[in-house]
Amino acid sequence: MPATTASAAESPSRDSARNGILSMLIAMALMTVMNALAKSLAESYPLTEVTFFRNLFALVPAAAMVAAGGRQCLRTTHPLGHAWRSVIGLTSMLLLFWSYHLMPLANAVAISYAAPLFVTALSVPLLGERVRAHRWSAVGVGFIGVLVMVRPSGEAIDSGALVALAAAFSYALAMIAMRQLGRTERPVTTVFYFTLICTVLTGLTLPFAWVTPDWHGFALMALMGLAGAGSQYFSTRAYSLAPAVVIGPFSYSGLLWATLLGWLMWGDVPTPVVLTGAGIVILSGLIVLLREARGTAPAAKSRVAVGGANGPTATAG
């Protein structure tokens with residue numbers, strides 16, 4: 001009898017973990033679809049126009065969440081904080097989409113995994129957080145992986161790699177801003193204002209850079225925006241179902257999806273150097289997750305989405 005009771009008690013936890021992992025895999029697949037569509041559309045339409053439609057169509061589910069949650073979802077005590085988070089997040093999104101246009105999709109995604117390293121480094125001066133020695137060591141190893149991918153030498157560095165690295169740094173600043181807002185703001189509030197402000201800001205650029213989309217292009221832009229919104233939903237759901245130490249490693253599946261789509265759509269295959277560097281960065285991220293889980297057992301068992309800042313990103317804002 002005790003064994004049966006224990007098994008029954010553990011099964012919901014296992015089910016939650018499985019559902020959380022499945023949600024993260026779906027989130028990464030949808031994110032890669034969004035990124036691939038952004039790369040494809042940027043070949044025919046201005047980058048700001050592509051970004052506008054990505055946010056416009058993502059605004060539909062964001063507004064639906066606000067409608068479901070009531071007017072209190074619109075209340076905020078930090079309007080300037082939302083404005084800053086939106087501007088820096090939009091900068092990251094534009095840079096990331098630009099990097100997709102300049103280089104193979106998988107390469108840009110691999111470099112974007114440097115964002116959590118920047119988050120850790122920036123959390124000390126900007127958030128006053130303490131970072132343990134083992135975490136600094138993992139960050140140092142991760143930056144070695146970034147250098148392997150970017151390959152600085154006597155020759156000119158690939159402009160696409162620099163843009164992708166700038167996108168990762170901007171995204172890290174956006175994550176820092178989200179941590180600060182998360183102390184007082186509801187997640188749905190942050191998502192809604194981010195999407196709304198980005199839609200307005202990119203909409204202001206349309207008179208200066210606009211190519212009227214045909215029905216095919218319009219459909220692809222709608223799919224891009226909805227895929228981005230779906231990715232955000234499933235990612236949030238994943239971290240609500242299982243601890244970050246369980247979910248975090250599966251967010252690296254985005255590199256596999258990006259490699260597959262890049263090969264199918266453009267015939268791009270990551271070079272061994274990029275794969276080696278990406279492997280080093282991913283290994284450093286896994287070390288941080290595992291060591292943090294061992295060092296703070298209660299936090300590791302909780303359902304808090306701490307992996308949003310310490311796990312891989314490549315979310316384009």
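This report walks through a few residues, ring pairs and surface features of one predicted model.

## How to read the model

Residues are counted from 1 along each chain as its sequence is written, and side-chain values use heavy atoms, leaving out hydrogens and water. Because the model is predicted, local features need pLDDT of at least 70 and side-chain atom pairs count only at pLDDT 80 or more, while totals for chains, interfaces and linings use all residues.

## A buried serine

Let's start with S86, which lies in helix α3 (residues 79-102); helices here are DSSP runs of H or I with at least four residues, numbered from the N terminus. S86 has a relative accessible area of 0%, so S86 is buried (buried means under 20%, exposed over 50% and partly exposed in between, with a 1.4 Å probe and protein chains only).

Which residues does S86 touch, not counting those up to four places away in sequence? They are Y193, F194, I197 and C198, where a contact means heavy atoms within 4.5 Å.

## Rings that meet

The structure holds 12 aromatic pairs. Rings of Phe, Tyr and Trp (its six-membered ring) pair if their centres lie within 6.5 Å; planes under 30 degrees apart are stacked, over 60 edge-to-face, and the rest tilted. One of the pairs is W215 with F218, which is edge-to-face at 6.4 Å centre to centre and 85° between the planes. W215 and F218 are three residues apart in helix α9 (residues 215-241), so about one helical turn separates them. W215 is exposed at 75% relative accessible area, whereas F218 is partly exposed at 32%.

Y233 and F234 are also edge-to-face, because their ring centres are 5.1 Å apart and their planes stand at 75°. Y233 is partly exposed at 49%, and F234 is partly exposed at 23%. Returning to W215 and F218, both belong to one aromatic cluster together with F52, F53, F57 and W210.

## Charges over rings

K39 lies over the face of W266, 5.0 Å from the ring centre. The charged end of R85 sits over the ring of F194, at 4.0 Å from its centre. A charge sits over a ring if NZ of Lys or CZ of Arg is within 6 Å of the ring centre and within 35 degrees of the ring normal.

## A look at helix α11

M265 is found in helix α11 (residues 253-266). Is M265 buried or partly exposed? M265 counts as partly exposed, because its relative accessibility is 41%.

Definitions and conventions: Helix = DSSP H or I, 4+ residues; strand = E, 2+ residues; numbered from the N terminus.
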